Amino acid sequence: FHMNPNCRKYFKMDSTHHQKMIKKMASSEKLEGLDQKQMTDILQIMALVTEGIIFSLLTGRINNTYDELLAYIEDVAEDVITGYKIRKGVQQ
């Protein structure tokens with residue numbers, strides 16, 4: 001998926017898909033207090049984490065279930081958001 005140029009276009013920072021993701025993120029209580037640039041930073045971090053998981057699945061390094069991976073990604077996202085807010089001094 002991520003290696004296909006037709007799919008990769010959705011992950012470009014100037015894509016319509018990217019803007020839709022930022023708009024959706026802006027409605028999240030967990031991301032309250034973050035501006036668009038900060039949400040873009042978090043989106044980029046989570047895209048890289050997700051790509052790493054996909055690569056690990058494709059190469060057979062992991063074989064977790066979808067639900068296990070989803071729970072892991074949700075935990076990582078929570079930690080990334082919390083850590084980002086602490087580092088940037090964003091009031092929670």
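**Close-up 1. Lys37 and its salt bridge with Asp41.** Lys37 counts as exposed because its relative accessibility is 55% (exposed is over 50% relative accessible area, buried under 20%, partly exposed in between; 1.4 Å probe, protein chains only). The model is predicted: local features need pLDDT of at least 70 and side-chain atom pairs pLDDT 80 or more, while totals for chains, interfaces and linings use all residues. Residues are numbered from 1 along each chain as its sequence is written, and side-chain values use heavy atoms, without hydrogens and water. The closest N and O atoms of Lys37 and Asp41 are 2.9 Å apart (salt bridge: a side-chain nitrogen of Lys or Arg within 4 Å of a carboxyl oxygen of Asp or Glu). Asp41, at 22% relative accessible area, is partly exposed.

**Close-up 2. The salt bridge between Glu78 and Lys30.** The N to O distance between these side chains is 3.0 Å. This pair joins distant parts of the chain, 48 residues apart: Glu78 lies in helix α4, and Lys30 in the loop between α2 (16-26) and α3. Glu78 counts as partly exposed because its relative accessibility is 34%. By the same rule, the count of salt bridges is two.

**Close-up 3. Helix α4 (residues 66-88).** Leu69, Val76, Val80, Ile81, Tyr84 and Lys85 are buried in α4. Their cover includes α3 (36-58), by contact (heavy atoms within 4.5 Å). Gly89 follows α4 and has a positive phi, near 70 degrees.

Notes: Helix = DSSP H or I, 4+ residues; strand = E, 2+ residues; numbered from the N terminus. Expected span 1.5 Å × (residues − 1).
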